[in-house]
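Let us take a walk through this structure together, starting with its packing and ending with a few single residues. Have the sequence and the 3D view ready.

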Amino acid sequence: MAAQTEAEAREAVPILEAAVTARPDDPNLRYYLANFRLRAGDKAGALAALQEVMRLGDGFLPIADFFGALEGDPAYGRIYQAFERKLPRVSRGKAWATLPDPTIFPEGIAAYDGDFFLSSMADGAIWRVSKNKDSRKIYKSDGTPRLGLAIDRKRDRLCSVVTNGFLAAAEKQRINRVECLALKDGRLLSSVDVKEAVQLNDLAIDPDSGTIYATDSAAGPVWKVAPDGMVSRLIDAYGGANGITFDDSGHLYIAHNTGIARITAATGKTVTPRLASRSRETVAGIDGLYWHQGSLIGVQNVTNPGRVIRILLGKDGAIAKVETLQSHHATWMKEPTTAALSGHHLMLLATTQVSRLQPDGTVRDADTVSPPVLARIPLR
């Protein structure tokens with residue numbers, strides 16, 4: 001949720017201010033308002049909005065991509081330190097494997113029988129990391145970035161999202177498709193174009209029907225890809241729709257800019273556009289989202305530099321409690337994106353540095369990119 005130019009930011013500010021007026025107790029809206037005010041050149045307004053974020057919610061820590069222009073400002077320094085003091089310091093996980101190639105820029109991960117598949121935002125390749133921590137490229141594509149990954153065990157396939165929606169190349173030819181490969185030999189089983197999408201991101205698969213649901217972060221819809229390849233729009237829009245997961249009763253949970261939505265997958269009927277919460281902890285800005293033993297597991301990287309949280313739900317479906325499983329303080333936490341459930345552990349793409357990829361396809365500060373790190377976090 002970032003404006004590309006100062007002019008666009010100025011246009012967005014009054015829209016966000018109106019949203020804040022409608023939902024005055026939402027700290028997530030004020031966090032984005034602070035970002036857009038800063039991009040529009042209003043530093044004082046940005047600082048004022050951040051103060052309100054601190055008053056209304058917890059779990060925030062301004063990220064450099066949003067607030068780098070304030071670095072060195074004494075007032076911002078004090079606000080930043082105050083935010084950081086409120087964040088729990090939790091280091092339950094450990095770095096499990098480091099990939100040798102720093103240019104992979106992995107965004108999606110899926111677990112299968114102790115091995116892990118990773119998708120590359122750099123060239124669209126798929127890597128396999130074995131339980132012995134050996135890594136190898138198993139699939140090459142046409143170079144279009146690949147994001148979300150999901151395993152369909154019933155049909156022995158690995159499905160993924162392919163998109164150039166965040167690149168300048170999309171202005172000439174926009175690419176958004178869902179591909180599925182055979183787990184056994186890596187054969188391409190299907191490739192479905194989602195022509196109306198702007199930038200697909202993550203996906204979830206209905207284990208019974210094999211229907212694929214994919215989020216569109218740039219435009220907001222969730223797209224439905226039926227087993228016969230027919231594409232339809234399940235729901236219209238959740239700004240910044242990203243992580244998506246099924247619960248045990250056929251409901252989809254969708255992470256978006258300001259929270260988590262819950263919908264009925266079979267009908268597309270929205271149960272709630274934003275889960276009510278009895279916690280001050282933000283659940284906005286979640287990239288990867290997973291269902292685990294009646295709770296949600298989320299990987300955040302927008303409202304703070306990166307943390308893993310467990311979201312416990314009450315009998316009424318509202319958020320009862322938010323627990324930090326891994327905070328950003330670990331040295332190997334550098335832009336975590338998504339994760340995969342593996343037994344009683346979460347395998348996290350902990351170091352990705354995907355923001356180094358520029359719209360023109362080049363890598364910012366390429367000589368300082370760190371190798372990708374896969375971390376292991378206990379869920380018990």
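A nonpolar core, as the term is used here, is a set of buried Ala, Val, Leu, Ile, Met, Phe, Trp, Tyr and Cys residues joined through side-chain atoms within 4.5 Å. Please keep in mind that the model you are looking at is predicted.

With that idea in hand, which residues touch the most other members of the largest nonpolar core? That core holds 30 residues, and the ones in question are Tyr31, Leu50, Phe67 and Phe83. Two or more residues of this core come from each of H1, H2, helix H3 (43-56), helix H4 (64-67) and helix H5 (74-86). Among these contributors, H2 gives the most, with seven residues. In soluble globular proteins, nonpolar side chains tend to be buried together.

Leaving aside residues up to four places away in sequence, Phe67 touches Tyr31, Ala34, Asn35, Leu38, Leu50, Pro62 and Tyr76. A separate second core has 21 residues, including Cys159, Val194, Val225 and Leu357.

Now let us turn to how the helices pack. Two packed helices are described by the angle between their axes and the distance between the axes. For helix H1 (residues 6-22) and helix H2 (residues 27-39), the axes come within 8 Å and cross at roughly 150°. Angles over 145 degrees count as roughly antiparallel, so H1 is roughly antiparallel to H2. The crossing of H1 past H2 is left-handed. On the H1 side, the contact is made by Glu6, Ala9, Ala12, Val13, Leu16, Glu17, Ala19 and Val20, while H2 brings Leu29, Arg30, Tyr32, Leu33, Phe36, Arg37 and Arg39. Sorted by type, the residues of this contact between H1 and H2 are ten nonpolar, five charged and no polar.

The pair H3 and H5 makes a second example. Their axes come within 11 Å and cross at roughly 20°. Angles under 35 degrees count as roughly parallel, so H3 is roughly parallel to H5. The crossing of H3 and H5 is left-handed. Here Leu47, Leu50, Gln51, Val53 and Met54 of H3 meet Ala75, Tyr76, Ile79, Ala82, Phe83 and Lys86 of H5. This contact of H3 with H5 divides into nine nonpolar residues, one polar and one charged.

Is threonine 258 buried or exposed? Thr258 sits in the loop between strand E15 (251-256) and strand E16 (259-264). Its relative accessible area is 12%, under the 20% cut-off, so Thr258 is buried. Not counting residues up to four places away in sequence, Thr258 touches Arg23, Asp26, Asn28, Leu29, Tyr32, Arg274 and Ala284.

Arginine 146 belongs to strand E6 (residues 146-152). With a relative accessible area of 0%, Arg146 is buried. Arginine 146 and alanine 19 are 127 residues apart in sequence, and their C-alpha atoms are 33 Å apart in space.

Finally, look at the backbone of two loop residues. Glutamine 293 has phi near 50°, a positive value in a residue other than glycine. Gln293 lies in the loop between strand E18 (286-292) and strand E19 (295-300), and at 63% relative accessibility Gln293 counts as exposed. Glutamate 335 has phi near 60°, again a positive value in a residue other than glycine. The loop between strand E21 (319-326) and strand E22 (339-342) holds Glu335, which counts as partly exposed at 24% relative accessibility.

How values were computed
Residues numbered from 1 in each chain as written. Predicted model: local features only at pLDDT ≥ 70, side-chain atom pairs only at ≥ 80, totals over all residues. Heavy atoms only, no water. Axes fitted to C-alpha atoms, helices over the stretch in contact; angles between N-to-C directions. Helix = DSSP H or I, 4+ residues; strand = E, 2+ residues; numbered from the N terminus. Parallel < 35°, antiparallel > 145°, perpendicular 65-115°, else oblique. Left-handed = near helix turned anticlockwise from the far one by under 90°. Contact = heavy atoms within 4.5 Å. Nonpolar A, V, L, I, M, F, W, Y, C, P; charged D, E, K, R; others polar. Buried < 20%, exposed > 50% of the residue type's maximum accessible area, 1.4 Å probe, protein only.
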